[in-house]
Amino acid sequence: MNDAVIYCTSIISSYHVFSILTSSLLIHSLNKNFHIQITNQLNTPQVLPTYSGKAGDGEPLLESLIWLLLTSEVPTKEQVDTLTAELHQRASKLPSHVIPLINSLPKDMHPMTQFSIGLNAAQTGSEFAKAYANGVPKNEYHKYALEDILNVFAIIPEIAAQIYRNVYFDGVVTKDQSLDYSGNFCRMLGYDDPSFDELMRLYLCIHTDHEGGNASAHTTHLVGSTLSDPYLSYAAGLNALAGPLHGLANQEVLRWIQALQAKFEAEGKEVNAETITEFAWETLNAKKVIPGYGHAVLRKTDPRYSCQREFGLKHMPDDPLFKIVETIYSVMPGILTEHGKVANPYPNVDSHSGVLLWHYGFTQYQYYTVLFGVSRAVGGLCQLYWDRALGLPLERPKSHTPEWLETFAKNNP
């Protein structure tokens, strides 16, 4: 690996880039370039070139984002190609017992459970665990953590693809390492459509880590703070991601949109602003939520939603479900603002992702979170690298007395 990755020249500023990159409204356009606004740190937007598409006009490559998060530098095409080749080479480090183990699991076991088992089983290849057992100095932890992190990035597509092919198809996984990380992953899943490759590039980039406080990235950080190696740390992150309140939102939104479509068809109604408005008020008056709207941090349209919307307008403008999403977007923020009980009336990333996957025939709901997990590895583990590089301590929860809790409750009714 290039020394720029292992010995970054600006650790503190790079960590800030990561923190702000993953917590800000960061993606403004993914048409020709991947624009990243690092607020309060840089005065001008940073542009992450796509290096994909026939004329470089496709979606950004995940390798570019990995490079940026680990170095705080926008990579050249040569650097991206080098990283792609290295990740393909590191994929051979998947321990030989992992795939047979996955093949032995029941097909009705949830794909996320299988994913966690597979990554835990691969921990036998941990360079960090071996180095720690051999007494490596603290100031060298980050070198061995980085080795593990890059290896995890390299092996998880095959683990994830094997689960997909076992559960839903014939168990055969075919690779094409002439492609980038995302394109090769698509071939392993069994998809051979350049347009779907572009969607996967977009999907893997925008789901990496939207802010460090999300459950899966924080779980990875928390477990990593005990000096568990990156395999075990991210396996824990996957278990957090598997929770319904965290990783299942996109499929729940898709189900809601499909139910809306079926209801309107059964009642002979058209999908338009008027009928959507009526349906939305019926939902809200019944004390139910509108899935895919609102966010714990954002107070405007989620830029990851905007990226996917642009992709849909470019690749599938006439798709029925995409049209429904567009119609909902045209009226829902106003309805929720009028309703007055939602802090953020705008759509989040989950409003779109399931619909885009469905368009390409990727209809296996239960597996959607595994795709999310392949992507989130980049956010959680790049953060873990900086944890080790900066020597961050063990994270311990604070405790409070019953008297403190009573006072807090009185002051915050």
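# Reading the labels on a predicted model

Q: Why is Ser 126 called buried?
A: In this predicted model, Ser 126 has a relative accessible area of 1%. Buried means under 20%, so Ser 126 counts as buried.

Q: Where is Ser 126 found, and what is it in contact with?
A: Ser 126 is found in the loop between helix H6 (111-121) and helix H7 (127-133). Apart from neighbours within four places in sequence, Ser 126 is in contact with Asp 148, Asp 229 and Tyr 231.

Q: What makes Asn 103 partly exposed?
A: The relative accessibility of Asn 103 is 42%. Partly exposed is the class between buried, under 20%, and exposed, over 50%, so Asn 103 falls in it. Asn 103 has its place in helix H5 (residues 98-104). With neighbours within four places in sequence set aside, Asn 103 is in contact with Gln 162 and Asn 166.

Q: Why is Phe 196 called buried?
A: Phe 196 has a relative accessible area of 0%, and the cut-off for buried is under 20%, so the label applies to Phe 196. Phe 196 is found in helix H10. Leaving out neighbours within four places in sequence, its contacts are Cys 186, Tyr 191, Leu 357, Tyr 360 and Phe 362. The C-alpha atoms of Phe 196 and Cys 186 are 7.8 Å apart, and the two residues are ten residues apart along the chain.

Q: Which cluster do ring pairs link Phe 196 into?
A: The cluster consists of Tyr 164, Tyr 168, Phe 169, Tyr 191, Phe 196, Trp 358, Tyr 360, Phe 362, Tyr 365, Tyr 367 and Tyr 368. For one of these, Tyr 365, the charged end of Arg 255 sits over the ring, 4.4 Å from its centre.

Q: How many aromatic pairs are there by the rule for ring centres?
A: Rings pair if their centres lie within 6.5 Å, and the count comes to 21 aromatic pairs.

Q: Why is the pair of Tyr 305 and Tyr 329 called tilted?
A: The ring centres of Tyr 305 and Tyr 329 are 4.9 Å apart, and their planes are at 55°. Tyr 305 lies in helix H16 (residues 303-315) and Tyr 329 in helix H17 (residues 320-339), so the pair ties together parts that are 24 residues apart in sequence. Tyr 305 is buried at 1% relative accessibility, whereas Tyr 329, at 23%, is partly exposed.

Q: What makes the pair of Tyr 385 and Trp 386 edge-to-face?
A: Between the planes of Tyr 385 and Trp 386 the angle is 70°, with 5.0 Å centre to centre. Edge-to-face needs over 60 degrees, so this pair qualifies. Tyr 385 is buried at 2% relative accessible area, and Trp 386 is buried at 0%.

Q: Why is H14 called roughly perpendicular to H17?
A: Helix H14 (residues 249-267) and H17 pack at an angle of about 95°, with their axes 11 Å apart. Angles of 65 to 115 degrees count as roughly perpendicular, so H14 is roughly perpendicular to H17.

Q: Which residues in H14 and H17 meet?
A: From H14 come Leu 254, Trp 256, Ile 257, Gln 258, Leu 260 and Gln 261; from H17 come Pro 320, Leu 321, Ile 324, Val 325 and Ile 328. By class, this contact has nine nonpolar, two polar and no charged residues.

Q: How do you know that helix H18 is mostly covered?
A: Eight of the ten residues of H18 (residues 350-359) are buried. They are Asp 350, Ser 351, His 352, Ser 353, Gly 354, Val 355, Leu 356 and Leu 357. Their cover includes helix H10 (194-206), H14, H16, H17 and helix H19 (368-389). After H18 comes Gly 361, with a positive phi near 85°.

Q: What does the secondary structure of the chain come to?
A: The chain has 20 helices and two strands. Buried residues make up 54% of its 413 residues.

How values were computed: Residues are numbered from 1 along each chain as its sequence is written. This is a predicted model: local features need pLDDT of at least 70, side-chain atom pairs count only at pLDDT 80 or more; totals for chains, interfaces and linings use all residues. Side-chain values use heavy atoms; hydrogens and water are left out. Rings of Phe, Tyr and Trp (its six-membered ring) pair if their centres lie within 6.5 Å; planes under 30 degrees apart count as stacked, over 60 as edge-to-face and the rest as tilted. Helices (H or I, at least four residues) and strands (E, at least two) are DSSP runs, numbered from the N terminus. Buried means under 20% relative accessible area, exposed over 50%, partly exposed in between (1.4 Å probe, protein chains only). A charge sits over a ring if NZ of Lys or CZ of Arg is within 6 Å of the ring centre and within 35 degrees of the ring normal. Axes are lines fitted to C-alpha atoms, for helices over the stretch in contact, and angles run from 0 to 180 degrees between N-to-C directions. Angles under 35 degrees count as roughly parallel, over 145 as roughly antiparallel, 65 to 115 as roughly perpendicular and the rest as oblique. Contact means heavy atoms within 4.5 Å. Ala, Val, Leu, Ile, Met, Phe, Trp, Tyr, Cys and Pro count as nonpolar, Asp, Glu, Lys and Arg as charged, and the others, Gly among them, as polar.
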